[in-house]
Amino acid sequence: MAYNGYAIDQYLDAEAVTRRLDKLIKKPVYTIKKQYLREYEEEYFNKRCQKSKEMIEEAKKVIPGGVQHNLAFNYPFPIVITKAEGAKLYDLDGNWYYDLLQAGGPTILGSNPPAVREQVIELLNTCGPSTGLFHEYEYKLAKKISQMVPSVEMFRMLGSGTEACMVAARIARLKTKKKNILKMGGAYHGWSDQLAYGMRVPGTKGLMSKGVPGFVFKHTDEFFPNDLEDLERKLKRHQLDGGTAAVFIEPVGPESGTRPVSKEFIKGAERLAHKYGALLVFDEVVTGFRIGPGGAQGFFGVDPDLTVFGKIVAGGYPGAGGVGGHRDCMIHLGAGLDSSGKKVSKAMCGGTLAATPISCVAGYYTLCEIERTNACEQAGRMGDRLAKGLQRSVRKHRLPFVVFNQGSICHLDNVGTMHFVVNWKKPWTIPHVLKETGIRQKEMEHMGAAYMAEGLITLAGSRLYTSAAYNEGMIDDVIARFDRVFAKCGRLEG
């Protein structure tokens, strides 16, 4: 597929990327050299970000950790952003940055696009942000999504991707009359108790879910990414203890493609889920309307039973999530009858501030703009240019970093933190894995700080999102800034 409105020209070779990542975690860690990190801390953060530093110190007195969102945690301290426009962010001290975080992914049009903002302002002048009652744009948004995504016959707006994943699991259990939920190891499906399992690193089970009692995972299990044999083994095993209600998948790989999966795996997962009577649930919180107007499922040619959406369905405005899917599944979110006239059970689903007028207006006009401007393809072209430029720079500086992209979702992996695996058959190896990932996570933070000092805001120093607000000149400038950091990297001392 040569773009054709999608963000991807040619899909990557997932097995080849995986082999490179396998090699990366066996090599010594390469990162920003300590002397240069200290220079960035002193010359940039301490001198040019003083107002941010002071505000965060004050915020820590009333906010745990000083920030309200995990994405804002940055080394050596969080930066306070006061303005977002197009491809750039501006901080309290007057510094500006290229925005490669994109609010965690949803701002495919770029930050604060006027075409959406003007509609939101008009809504605020007439209706206000919320009434608690039905608004016409609830229908318009649901209709728009159903037109763009073929598998979505019905859509329910919610407050977040986490809520949408919770509801998808409930729908699946009611629809299939089965108990278990299977998810890819390392995938993130929100932070609800039941799905906070096997996160970031495959095999971790509940290790990363502090505060969640182990018994809630009784009917949650993980399978290894890109491994159809493991998926089928788990599906077979769970036939003996209540069956599998749903197979949850991030369609380009866990943690939005950090560990990529192949097209063949996605098609095989669809086949296996249905073979064993489970629903296929696509978590398109990141990929939905970023890979293409029809989501990753449109690119792969897959028909999931349910699709989870996130921040993009409200255009980055509050009230950002939802679940859509086949009518015979979605009927469980409304009091009614199935196709045979039989009354169906209604899944528990709430959300006082779901589908507010402001979120639905913003979401509707965002999707209209994505279609009108061919934003997915433009962002994907910029992602391809960025990835190719970073690959050249990495080779020039003889660094072991692995760079790849799935359209406008770009990965710059210097340490392979999330490529480790916890093997419970060899429990003595677990402390080593946890120690290694801890060291590497710290170096990701250090690299993220170096990037920020060069005017680049990334997601955890390893994931980079491009938007339609970028042009070739901007991307080339971004590459040059990364290159300056790469020139200051070397083998981790000590």
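Predicted model: local features only at pLDDT ≥ 70, side-chain atom pairs only at ≥ 80, totals over all residues.
Which residues point one way from E12, and which the other way? Val402, Phe404 and Gln406 point one way, Val403 and Asn405 point the other way, and all are buried.

Strand E12 is mostly covered, with five of its five residues buried. E12 belongs to an open sheet of three strands, ordered E12-E13-E15, in which the pairing is antiparallel. The edges are taken by strand E12 (402-406) and strand E15 (463-465), each of which pairs on one side only. On average, neighbouring strands of this sheet are turned by 20° against each other, direction ignored.

E12 pairs with strand E13 (residues 409-413) in the antiparallel sense over five bridges. One of the bridge partners can be named: Val402 has Asp413 in E13 as its partner. Helix H1 (residues 14-24) packs on this sheet and touches E12 and E13, and its direction makes about 150° with that of E12. Helix H13 (residues 375-396) lies across E12, E13 and E15 and runs at about 170° to E12. E12 and E13 also form a hairpin, with two residues between them. In the turn, Gly407 has a positive phi of about 70°.

**The seven-stranded sheet**

A second open sheet is built from seven strands in the order E5-E11-E10-E9-E8-E6-E7, with mixed pairing. Strand E5 (154-158) and strand E7 (220-223) stand at its edges; each has a single partner strand, so one side of each is left without a neighbour in the sheet. From one strand to the next, the twist averages 20°.

Within this sheet, strand E10 (residues 306-309) and strand E11 (residues 321-325) pair in the antiparallel sense over four bridges. Thr307 stands opposite Gly324 in E11. Helix H9 (residues 263-275) packs on the sheet and touches E6, E7, E8 and E9, its direction making about 145° with that of E9. Helix H6 (residues 161-176) lies across E5, strand E6 (180-184), strand E8 (244-249), strand E9 (279-283), E10 and E11, and runs at about 165° to E10.

Helix H7 (residues 228-237) has Asp230, Leu231, Glu232, Lys234 and Leu235 as its buried residues. These buried residues pack against E6, E7, E8 and H9. At the start of H7, a side-chain oxygen of Asp227 comes to within 3.1 Å of the backbone nitrogen of Glu229.

**Nonpolar cores**

The largest nonpolar core has 80 residues, and Ile249 and Phe482 touch the most other members. Helix H15 (residues 472-486) supplies the largest share of this core, seven residues. Leaving aside residues up to four places away in sequence, Phe482 touches Leu100, Leu390, Leu412, Tyr451, Leu456, Thr458 and Leu464. Another core lies apart from it and has 32 residues, including Val313, Ala355, Tyr364 and Leu367.

**Aromatic pairs**

A search of the whole structure finds 18 aromatic pairs. Two of them are set out here.

| Pair | Centre to centre | Angle between planes | Type |
|---|---|---|---|
| Trp96 and Tyr98 | 5.0 Å | 85° | edge-to-face |
| Tyr137 and Tyr364 | 5.5 Å | 65° | edge-to-face |

Why does the pair of Tyr137 and Tyr364 tie together parts that are apart in sequence? Tyr137 lies in helix H5 (residues 136-148) and Tyr364 in helix H12 (residues 357-373), so the pair ties together parts that are 227 residues apart in sequence. Tyr137 has 12% relative accessibility and counts as buried, because the cut-off for buried is under 20%. Tyr364 is among the residues of the 32-residue core.

Elsewhere, Tyr6, Tyr11, Phe299 and Phe300 form one aromatic cluster.

Note on methods: Residues numbered from 1 in each chain as written. Heavy atoms only, no water. Pairing = 2+ DSSP bridges. Axes fitted to C-alpha atoms, helices over the stretch in contact; angles between N-to-C directions. Contact = heavy atoms within 4.5 Å. Core = buried A, V, L, I, M, F, W, Y, C linked by side-chain atoms within 4.5 Å. Buried < 20%, exposed > 50% of the residue type's maximum accessible area, 1.4 Å probe, protein only. Polar contact = N/O pair within 3.5 Å; in protein donor to acceptor, adjacent residues only side chain to side chain. Phe/Tyr/Trp six-rings, centres within 6.5 Å; stacked < 30°, edge-to-face > 60°.
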